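Here is a short briefing on side-chain packing and charge pairing. Look at the model first, then read the points below.

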Amino acid sequence: TGVGSGYEDFYASPGSSVDQQFGLYPVNDAQAMVVRSNSIWLCQPTRDFDAPFSISILITDIHSDSPFSVVRVPGAGIIYYTRDDVKFPTTGGIKSLGTQVRKQLYDSTQSVERCIGTFDTYNREYRLYFIKKTLNATYTNSNSYVWRYNLDRNHWSRDLITGELRTMFF
């Protein structure tokens, strides 16, 4: 708190439920999305010196247990894995992306809390990596999957990883 830091309230959660913070993702030069486990907030500048940022709820009742699946899509919004679909929230609304593969995405052998998302800007693909759960509830990254969603073709594909994955970047 200092000169120009403002007094805009950023509530711990909407209502009485706990809402875990996932991150702050810039959408464009003037707006950012604050992603939480049950909601998305919009942060944008004001022209008020005492309150330089306006923070308001953009989307509620969107539930996710996958904080590492959230990725920024440059100039558009974010994409992430929720409890019922892969969502693409923008400042203008929200789009469901996982309808075509919903049954396969929600396989009980996949670790939802450990899934990792990345965005390949060259191919415009959202990539979602799942670590498999074994029967004794331990985790293994052999025979796991990378799901790929191409934004231009609106198409899902899946790659099987048979060895041990040590790193993933695009």
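**Salt bridges, cores and aromatic pairs**

Asp152 is exposed, with 54% relative accessible area. Its salt-bridge partner is Arg124, at 3.0 Å from N to O. The model is a predicted one.

**Salt bridges**
- The structure holds seven salt bridges.
- Arg124 is partly exposed, at 33% relative accessibility.
- Glu125 pairs with Arg148, with the closest N and O atoms 3.5 Å apart.
- Glu125 sits in strand E10 and Arg148 in strand E11, so this pair ties together parts 23 residues apart in sequence.
- Glu125 is buried at 5% relative accessibility, whereas Arg148 is partly exposed at 22%.
- Asp120 bridges to Arg127, with the closest N and O atoms 2.9 Å apart.
- Asp120 is buried at 9% relative accessible area, and Arg127 is buried at 10%.
- A network of salt bridges links Asp120, Glu125, Arg127, Arg148 and Asp159.

**Nonpolar cores**
- The largest nonpolar core has 19 residues; Ile79, Val86, Leu105, Tyr126, Leu128 and Trp156 touch the most other members.
- Strands E5, E6, E7, E10 and E11 each supply at least two residues of this core.
- Another core, of eleven residues, lies apart from it and includes Phe22, Ile40, Ile59 and Ile78.

**Aromatic pairs**
- There are two aromatic pairs.
- Trp147 and Trp156 pair edge-to-face, 6.2 Å centre to centre with 75° between the planes.
- Tyr149 and Trp156 form a tilted pair, 5.1 Å centre to centre with 50° between the planes.
- Trp147 and Trp156 are both buried, and Tyr149 is buried too.
- Trp147, Tyr149 and Trp156 make up one aromatic cluster.

Definitions and conventions:
Residues numbered from 1 in each chain as written. Predicted model: local features only at pLDDT ≥ 70, side-chain atom pairs only at ≥ 80, totals over all residues. Heavy atoms only, no water. Core = buried A, V, L, I, M, F, W, Y, C linked by side-chain atoms within 4.5 Å. Buried < 20%, exposed > 50% of the residue type's maximum accessible area, 1.4 Å probe, protein only. Helix = DSSP H or I, 4+ residues; strand = E, 2+ residues; numbered from the N terminus. Phe/Tyr/Trp six-rings, centres within 6.5 Å; stacked < 30°, edge-to-face > 60°. Salt bridge = Lys/Arg side-chain N within 4 Å of Asp/Glu carboxyl O.
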